[in-house]
Amino acid sequence: YRIINILNLNAQYQIEDVRIYNILGQLVMSTQPQSLDCEIDLSILEKGPYMMEVAFMNAKKTLRIIKQ
């Protein structure tokens, strides 16, 4: 997924935790929205690839995102 500054997430289940890691595996951002949708401001991150881990309903999904 390519993102400029704002990442919008929506899900069928409550989003419990969102973590964003840089390519070195270091945690660079974390939020706990506790809702079905959320908006995350990525403007503080440098351009480049990141891994995003989303936790909901005792499950986790990892996605690759690119900050433009």
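What is the volume of the largest pocket? It comes to about 300 Å³, where a pocket is an open set of points on a 1 Å grid over the protein atoms alone, at which a 1.4 Å probe fits, with protein on both sides within 12 Å along at least five of seven lines. The volume is the space filled by probe spheres set on the points, which are joined across faces, edges and corners.

Before going further, a word on the source: this is a predicted model, in which local features need pLDDT of at least 70, side-chain atom pairs count only at pLDDT 80 or more, and totals for chains, interfaces and linings use all residues. Residues are numbered from 1 along each chain as its sequence is written, and side-chain values use heavy atoms, with hydrogens and water left out.

**The pocket lining**

The largest pocket is lined by 15 residues, and Leu9, Asn10, Met52, Val54 and Leu63 lie nearest its centre; a lining residue has an atom within 4 Å of a point. The elements that give two or more residues to this lining are β2, β6 and β7. The largest share, eight residues, comes from β2. By type, the lining divides into 11 nonpolar, three polar and one charged; here Ala, Val, Leu, Ile, Met, Phe, Trp, Tyr, Cys and Pro count as nonpolar, Asp, Glu, Lys and Arg as charged, and the others, Gly among them, as polar.

**The sheet**

Strands are DSSP runs of E with at least two residues, numbered from the N terminus. Five of them form an open sheet with mixed pairing, in the order β1-β7-β6-β3-β4. Its edge strands, β1 (2–3) and β4, each pair on one side only; two strands pair if DSSP finds at least two bridges between them.

β6 (residues 48–56) runs antiparallel to β7 (residues 59–67), and nine bridges join them. Five bridges join β3 to β6, and these two strands also run antiparallel. Some of the residue partners are set out here.

| Residue | Partner | Strand of the partner |
|---|---|---|
| Isoleucine 20 | Methionine 52 | β6 |
| Valine 54 | Lysine 61 | β7 |

**The core**

The largest nonpolar core has 15 residues, and those with the most contacts inside it are Leu9, Ile20, Ile40, Leu42 and Met52. Such a core is a set of buried Ala, Val, Leu, Ile, Met, Phe, Trp, Tyr and Cys residues joined through side-chain atoms within 4.5 Å, and buried means under 20% relative accessible area with a 1.4 Å probe, protein chains only. β2 (6–15), β3, β5 (35–41) and β6 each supply at least two residues of this core. Leaving aside neighbours within four places in sequence, leucine 9 is in contact (heavy atoms within 4.5 Å) with Ile15, Val18, Leu36, Asp37, Cys38, Ile40, Met52 and Val54.

Most residues other than glycine have a negative phi. Methionine 57 has a positive phi near 50 degrees, and asparagine 58 has one of about 60 degrees. Methionine 57 is exposed because its relative accessible area is 52%, the cut-off for exposed being over 50%. Asparagine 58, at 81% relative accessibility, therefore counts as exposed too.

Isoleucine 23 is found in the loop between β3 (17–21) and β4 (27–31). At 67% relative accessibility, isoleucine 23 counts as exposed. From serine 43 it is 20 residues away in sequence and 17 Å away in space, C-alpha to C-alpha.

Conventions. Helices (H or I, at least four residues) and strands (E, at least two) are DSSP runs, numbered from the N terminus.
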